[in-house]
Every structure is written in C-alpha cells, then in structure tokens.
Amino acid sequence: MIGMTTGISRSHRNPSFGSDVKVVQVSKQVKKKRKHVAQRTCVGCRSIQPKRSMVRVVRGADGVQVDQTGKMPGRGAYLHESRSCWELGLKTALARALKTELTPDDLSRLAAFMHTLPEDEPTEPVPGG
Ligand SMILES: [Zn+2]
C-alpha cells in the first residue's frame with residue numbers, strides 16, 4: 001500500500017490587475033495646420049487683411065490702374081474697398097508702394113474707381129427724411 005500524500009498545495013496567486021499602472025500623461029502638441037492665406041497690407045490704412053478683401057492696383061505698361069482680375073502683370077499694391085483707404089492711398093502711399101509717381105491720368109482713373117466704392121463715413125441723418 002502506498003500511502004497517499006495528500007498535500008494540496010494551492011498556489012494562491014494574487015492577480016495584480018491594475019496595481020502598477022502608471023498614468024502617463026500624453027501631452028499632445030496639436031499643431032493646427034494653418035492654411036496659407038495670402039495677406040496684403042492696405043496702403044491706405046496700413047492694416048493687413050486677406051487678399052480677397054482687397055483691391056489690387058497695378059503699375060503696368062499703361063500706367064497705374066485698378067486690377068480687378070488680380071492677374072495683371074506689374075508691381076501691385078492693395079487697398080481696401082473703402083473710400084477712405086483710397087483717399088489716403090492716393091495721396092502718397094500708393095505712389096510710394098508702386099515706386100512711381102501717379103500721373104494726373106492715373107489719378108483720375110483711380111479716383112473714378114474710388115467713387116464707385118461705398119462711402120464708409122457715418123451716415124448723416126437726412127433732414128426732412
Ligand atoms: Zn485700408
């Protein structure tokens with residue numbers, strides 16, 4: 001007869017779930033991809049705006065003129081579609097930006113365009129409505 005050894009050894013293993021989990025803080029550096037928007041300085045008020053809201057004036061072979069297509073060759077400058085910016089620009093800034101002098105012809109052309117722009121002065125109350 002063989003004596004049975006009744007040795008029940010229960011290996012009691014302690015499951016160590018989540019006892020040693022390091023909380024790693026992931027510092028995400030979210031870099032916003034900026035779309036490149038062409039920005040232009042208005043030669044009148046000198047503020048920088050997206051190109052779309054600007055009117056291009058170009059010094060081309062036929063003098064300085066408004067480039068409404070934005071594609072005319074030549075040295076260009078930008079102005080807001082705002083009469084006050086044009087008034088400022090036509091005095092000196094535009095000529096300087098274009099590195100030229102505005103001839104009376106140029107000026108009358110530009111002034112003609114300027115007068116198509118909406119006036120941005122505060123509307124005065126109309127007497128008598
Ligand atoms: Zn402006």
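View 1. The structure shown here is a predicted model. By this criterion, the face of H2 turned away from its buried side carries the exposed residues Pro 104, Asp 105, Ser 108, Ala 111 and Ala 112. The buried residues of H2 are Asp 106, Leu 110 and Met 114. Viewed down the helix axis, these buried residues fall within an arc of 75 degrees, so they line one face of H2. The cover over the buried residues of H2 includes S3, S4 and H1.

**View 2. The open sheet of S4, S3 and S5.** Three strands form this open sheet in the order S4-S3-S5, and their pairing is antiparallel. Strand S4 (63–67) and S5 stand at the edges with a single partner strand each, so one side of each has no neighbour in the sheet. On average, and with direction ignored, neighbouring strands of the sheet are turned by 30 degrees against each other. In general, strands of a sheet pair through backbone hydrogen bonds.

**View 3. Strand S3 and its two partners.** Of the 7 residues of S3, 5 are buried, so this strand is largely enclosed by the rest of the structure. S3 pairs with S5 in the antiparallel sense over 6 bridges. Within this pairing, Arg 56 has Tyr 78 in S5 as its bridge partner. S3 is also joined to S4 by 5 bridges, and these two strands run antiparallel. S3 and S4 form a hairpin, with 2 residues between them. Gly 60 stands opposite Gly 63 in S4.

**View 4. The helices against the sheet strands.** H1 lies across S3 and S5 and runs at about 160 degrees to S5. H2 lies across S3 and S4, running at about 15 degrees to S4.

**View 5. The largest nonpolar core.** This core holds 19 residues, among which Cys 42, Val 43, Val 57, Ala 77, Tyr 78, Leu 79 and Leu 94 touch the most other members. Two or more core residues are given by each of strand S3 (54–60), strand S5 (75–80), helix H1 (83–97) and helix H2 (104–114). H1 supplies the largest share of the core, 6 residues.

**View 6. The surroundings of Val 43.** Neighbours within four places in sequence are left aside in this view. The remaining contacts of Val 43 are with Ala 77, Tyr 78, Leu 79, Gly 89, Ala 93, Leu 94 and Ala 97. Val 43 is also one of the residues that touch the most other members of the largest nonpolar core.

**View 7. Two loop residues with positive phi.** Most residues other than glycine have a negative phi. Arg 46, in the loop between strand S1 (39–41) and strand S2 (48–50), has a positive phi near 65 degrees. Arg 46 is exposed, with 11 other C-beta atoms within 10 Å. Lys 99 is found in the loop between H1 and H2, and its phi is likewise positive, near 55 degrees. Lys 99 is exposed, with 9 other C-beta atoms within 10 Å.

Key: Residues numbered from 1 in each chain as written. Predicted model: local features only at pLDDT ≥ 70, side-chain atom pairs only at ≥ 80, totals over all residues. Core = buried A, V, L, I, M, F, W, Y, C linked by C-beta atoms within 7 Å. Buried ≥ 20, exposed ≤ 12 C-beta atoms within 10 Å, placed from the backbone. Helix = DSSP H or I, 4+ residues; strand = E, 2+ residues; numbered from the N terminus. Contact = placed C-beta atoms within 7 Å. Pairing = 2+ DSSP bridges. Axes fitted to C-alpha atoms, helices over the stretch in contact; angles between N-to-C directions. Arc of directions from axis to C-beta.
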